[in-house]
Amino acid sequence: MTTQTNKQFKTVQNKCIDIFGKIYTNNNSIFIPLMDDKTKTNNIKKLKDYLNNNVDLYELSIVFLGGIKQEYKTAVKIKLIE
């Protein structure tokens, strides 16, 4: 990741924390577990609006996270593209 992209990644991380509270990162991706409540749709819209106005190119997807002895959770995945 370039220095500019790394700086932008940190800024996006902070915005995600502001909107959703808890996030996870892996390499150059951000994972945000979604709560099954009424705020989910509005929070995704806030995130999408922020990314559209502040990031040149990104990938936003809905994924399922899970693991051993754990039910899957719906999550948002963001990947900044250089």
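**Entry 1: Gln13**

I began with Gln13, which lies in helix H1; helices here are DSSP runs of H or I with at least four residues, strands are runs of E with at least two, and both are numbered from the N terminus. The model is predicted, so I noted that local features need pLDDT of at least 70 and side-chain atom pairs count only at pLDDT 80 or more, while totals for chains, interfaces and linings use all residues. Residues are numbered from 1 along each chain as its sequence is written, and side-chain values use heavy atoms, with hydrogens and water left out.

I then listed the contacts of Gln13, leaving aside neighbours within four places in sequence, and found Ile23, Thr25 and Ile30; contact means heavy atoms within 4.5 Å.

**Entry 2: overall fold**

I counted the elements next and recorded two helices and four strands. Along the sequence they follow the pattern α-β-β-α-β-β. The radius of gyration of the protein is 13 Å, close to the 12 Å given by the globule rule for 82 residues, so the protein is as compact as a globular protein of that length. The radius is taken over C-alpha atoms, and the rule is 2.2 Å times the number of residues to the power 0.38.

I also took the box along the principal axes, which the C-alpha atoms fill at roughly 40 × 30 × 20 Å. Of the 82 residues, 30% count as buried. Among contacts between residues at least 6 apart in sequence, I found that 47% join residues at least 24 apart.

**Entry 3: surface and charge**

The protein exposes about 5800 Å², of which carbon and sulfur atoms supply 48%; I used areas from the Shrake-Rupley method with a 1.4 Å probe, and for residues only the protein chains shown count as cover. For charges, I compared the mean positions of the 13 positive and 8 negative ones, which are 3 Å apart. Lys and Arg count as positive and Asp and Glu as negative, without His or the chain ends. Each charge is placed at NZ of Lys, CZ of Arg, CG of Asp or CD of Glu.

**Entry 4: the nonpolar core**

I asked which residues of the largest nonpolar core touch the most other members. Of its 17 residues, they are Val12, Cys16, Ile30, Ile32, Leu47, Leu51 and Ile78. Such a core is a set of buried Ala, Val, Leu, Ile, Met, Phe, Trp, Tyr and Cys residues joined through side-chain atoms within 4.5 Å. At least two residues of this core come from each of H1, strand E2 (29-33), H2 and strand E4 (70-80). H1 gives the most, with five residues.

I followed Val12, found in helix H1 (residues 3-20). Val12 counts as buried because its relative accessibility is 1%. Beyond neighbours within four places in sequence, Val12 is in contact with Ile30, Tyr50, Leu51, Val55 and Leu80. Between the C-alpha atoms of Val12 and Glu59, 47 residues apart along the chain, I noted a separation of 13 Å.

I then turned to Leu51, in helix H2. Leu51 is buried, with a relative accessible area of 0%. Not counting residues up to four places away in sequence, Leu51 touches Val12, Tyr58, Leu60 and Ile78.

I looked up Asn43 in helix H2 (residues 39-54). Asn43 counts as buried, at 12% relative accessibility. Leaving aside neighbours within four places in sequence, Asn43 is in contact with Ile19 and Phe20.

Ser29 belongs to strand E2. Ser29 is buried, with a relative accessible area of 7%. Apart from neighbours within four places in sequence, I found Ser29 in contact with Phe9, Tyr24, Lys77, Ile78 and Lys79. The C-alpha atoms of Ser29 and Leu60, 31 residues apart along the chain, are separated by 9.9 Å.

**Entry 5: Asn27**

I asked where Asn27 lies. Asn27 is in the loop between strand E1 (24-26) and E2. Asn27 counts as exposed because its relative accessibility is 70%. I recorded phi of Asn27 near 55 degrees, a positive value in a residue other than glycine.

Terms used: Buried < 20%, exposed > 50% of the residue type's maximum accessible area, 1.4 Å probe, protein only.
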